[in-house]
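Reader: I am new to this one and would like to talk it through slowly. Could you put it up on the screen before we start?

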Amino acid sequence: MGCKSVMKTGFLCRQWGVLVVLLSLWLPQSFSQQTTSPPPQQKNKLKFRLAGYPRKHNEGRIEVFYNEEWGTICDDDFSTENAHVLCRHLGFISATGWTHSSKYGKGAGKIWLDNVQCSGSEKSIADCRSRGWGNSDCTHDEDAGVICKDERLPGFMESNVIEQVEERVEEIRLRPLGASAKKRLPITEGIVEVKYKGSWAQICDDGWTPKNSRVICGMFGFPQERKANKNFYKQIKKRAAKTKGKIIGSGDREKSKPKSNPKSKLNKDSGSGTRLFTEKQQNKYRLHSVACTGNEVHLSVCPLQFYKANATRACEGGMPAVISCVPGPQFSLGNSQKKKTKSTFRVRLKGGAKIGEGRVEVLKDNEWGTVCDDRWNLQAASVVCRELGYGTAKDALTGARMGQGMGPIHMNEVQCSGQEKSIWNCQYKNITTNDCRHVEDASVKCNIPYMGYETLVRIVGGRTTHEGRVEIKKGSKWGIVCSEGWTTKEAMVVCRQLGLGYSLHAITETWYWDGSNVTEMVMSGVKCTGNEMSLSHCQHHGSSINCKNTDTRFAAGIICSETISDLVLNAPLVQQTVYIEDRPLHMLYCAAEENCLSSSAAKANWPYGHRRLLRFSSQIHNIGRADFRPKAGRHSWVWHECHRHYHSMDIFTHYDILTVNGTKVAEGHKASFCLEDTECQEGVSKRYECANFGEQGITAGCWDLYRHDFDCQWIDITDIKPGNYIFQVVLNPNFEVAESDFTNNAMKCNCKYDGDRIWFHNCHICDAFSEEAEKQFEQYPGQNNQIS
């Protein structure tokens, strides 16, 4: 975000190719002193407004009127406390959030304030610490915005709360011609229309370029544009002219209507097409002279002109703007959800609840890593979105808003023009020591095509809008879903389909949610991977229902949540702490009681002899946005006398040793742990502790550590022979507790055992490597291990 706020005398900083010498007027101690406020007569002249797009009456780019000129505020050091003060200026009681990197578009003119630091209690923004009026090293790419709580201050009568601009572009739609085209989703081609005073108007295509089409296609969720068949629309226009304003419809046939040609798309939908062009007689044009560069994320930020309300000769010689878009692979017509295509992307999204959103991760040297959010903006986010087959970005999120990653951070200060084919073509900096942490991971929300999936499913009977019995639409009727085999993964798909976030619980008995008269079961045998966009894309029995309990009380249900946990194992720690111990049997009675030894231990000559144990430490991080809590309530926890604590989950972790072909040769007990916060990140407080029948769980931003010397923190390898193996740990293996991402729950290591010693190599989370590196790992376990 420009040059850093605290600079020493003579420090040189390059921004946008301009060399700036920062003099001793701006020193670190300037933060310890409050900037001189303007005199009372100037302070009384301060005005505030919200501007930009897409804004509402209570959110937008914040602009300040100072010294007879409107200007913006830079987002450096911006905070919620600043937003509180500014929202009160605007007549609202407080702020609910703020935005950075010109989310509402770039302002113009002065940047009046920079490095503003308020406590939140100030009566005026002028009372907050800052660099002073007009003293800034920012550009308008860093304009700040505020989101105010929609509750007015009593008696606030100011009229300048929001910028009143008559000429602005807000809502846009793509209108296809003909009823048949409207039924096909996604809509990829049609007339571009803008909302104006409650109705829709067209854009004149005079001077229209592919760059304009690219911007609008991006808004509708398409990665690129293609040339539209304008001859089709021109022929309709000619027909419209021949009618002299008459509308051709079912009740108004023209004698000169040409004979029907079944192969002609023109005749098929000519009625609606003619209606569109006769609207030209009624002055329905709103915009003209659109001149986008192709890099914009919204039409509203392109140079354009509005027709005046009294214009009588709008778009002479032109016609409504028509665009045609190319859908991404996921949204192509006829694309089967069951088809698997080899992924060649070097970028991916993780942790998002919806399609087209998530934490940005990039592939470098066959290992996935995150992107630091320094200078992260909509242009860079849009390059990622288009690269993945979506449209432009509607949000460039900072501060690990989609959860924190693990492993390396590959990029920092990414700067894109918007034309790049890949984020790797953008300018960026490599990460150096202490540059970034995972609390700064960048995320995106992309525009995706409208598919109408939410109209095919509903939930009823719940206490809130985020829970209820699942009902799906089959033809014109609604029906229930069999709950046999209904798991978190199936519930995850329904929550995504309805736009309700993540699946929190999959419910298999819903008699207490009987909120409708629907009783017919229309789907059974549902089995999803969890990534599908619609329940209909999952495997199921089709039209033949096979369900043991067809009663409505056994219908499937869901509980959804906007935030959820995500568990990941610290793989390097496993590799660093592994060792072998030969432990006497007389010290293993408690472990045997909890089934922590292999089955052959039962035949041993107790208490004589020993068992060979593979020990290691297990550090389980919750990198999600909500706490990980056991599925069972406290009333059903099991007390274990040996270890003197309650076990809240019967199955939490599997430990396995596998042969090269995947055959299991040894396993740890199906770990039933006491969940608690061992340590937390800076600024996060512990919430869970097992002692004294305390609450169990893992707080978001904390981790639970099971040291290598804990009982049962091992695999009994007494019976395995020397050789090459794969060591595997799987967290939450039965998906009992919902998480935002199950693909990172498993960890693997190459393992080499010579009968006396053991070596671990290449320990990694299972989705941390490229497909090529993962194949090499599986084909050649222990290939680099040397026994000396």
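Reader: Which residues is Leu614 in contact with, leaving aside its neighbours within four places in sequence?
Author: Taking contact to mean heavy atoms within 4.5 Å, Leu614 meets Val578, Tyr579, Ile580, Ile657, Gln713, Trp714, Ile715, Ile717, Phe727, Ile758 and Phe760. This is a predicted model, in which local features need pLDDT of at least 70 and side-chain atom pairs count only at pLDDT 80 or more, while totals for chains, interfaces and linings use all residues. Residues are numbered from 1 along each chain as its sequence is written, and side-chain values use heavy atoms, with hydrogens and water left out.

Reader: And what is the largest nonpolar core?
Author: The largest nonpolar core has 36 residues, and those with the most contacts inside it are Leu614, Ile657, Phe727, Met747 and Phe760. Such a core is a set of buried Ala, Val, Leu, Ile, Met, Phe, Trp, Tyr and Cys residues joined through side-chain atoms within 4.5 Å, where buried means under 20% relative accessible area, exposed over 50% and partly exposed in between, with a 1.4 Å probe and protein chains only.

Reader: Which elements each supply at least two residues of this core?
Author: They are strand E29 (567–569), helix H10 (571–577), strand E35 (653–658), strand E40 (723–731), strand E41 (746–753) and strand E42 (758–765). Helices (H or I, at least four residues) and strands (E, at least two) are DSSP runs numbered from the N terminus. A second, separate core has 30 residues, including Val347, Trp376, Trp424 and Tyr453.

Reader: Changing topic, how many salt bridges are there?
Author: A search of the whole structure finds 32, each being a side-chain nitrogen of Lys or Arg within 4 Å of a carboxyl oxygen of Asp or Glu. One of them joins the side chains of Glu63 and Arg49, at 2.8 Å from N to O. That pair links distant parts of the chain, with Glu63 in strand E4 (residues 59–66) and Arg49 in strand E3 (residues 47–56), 14 residues apart.

Reader: Are Glu63 and Arg49 buried or exposed?
Author: Glu63 counts as buried because its relative accessibility is 6%, and Arg49 counts as buried at 18%.

Reader: What does Lys664 pair with?
Author: Lys664 forms a salt bridge with Asp656 at 3.6 Å, N to O, and another with Glu667, where the closest N and O atoms are 3.5 Å apart. Lys664 is partly exposed at 45% relative accessibility, as is Glu667 at 39%, whereas Asp656 is buried at 5%.

Reader: Which residues are linked in a network of salt bridges?
Author: Arg348, Lys350, Arg359, Glu361, Asp741 and Asp767 are linked in that way.

Reader: Let us move to helix H9; how many of its residues are buried?
Author: In helix H9 (residues 488–497), 10 of the 10 residues are buried, so the helix is largely enclosed by the rest of the structure. Those buried residues pack against strand E23 (457–461), strand E24 (467–474), E26 and strand E28 (557–561). Just after H9, Gly499 takes a positive phi of about 70°.

Reader: Where is Ser503 found, then, and what does Ser503 touch?
Author: Ser503 is found in strand E26 (residues 502–507) and is buried, at 1% relative accessibility. Not counting residues up to four places away in sequence, Ser503 touches Thr488, Ala491, Met492, Cys495, Ile559, Ile564 and Ala738. Thr488, Ala491, Met492 and Cys495 are among the buried residues of H9.
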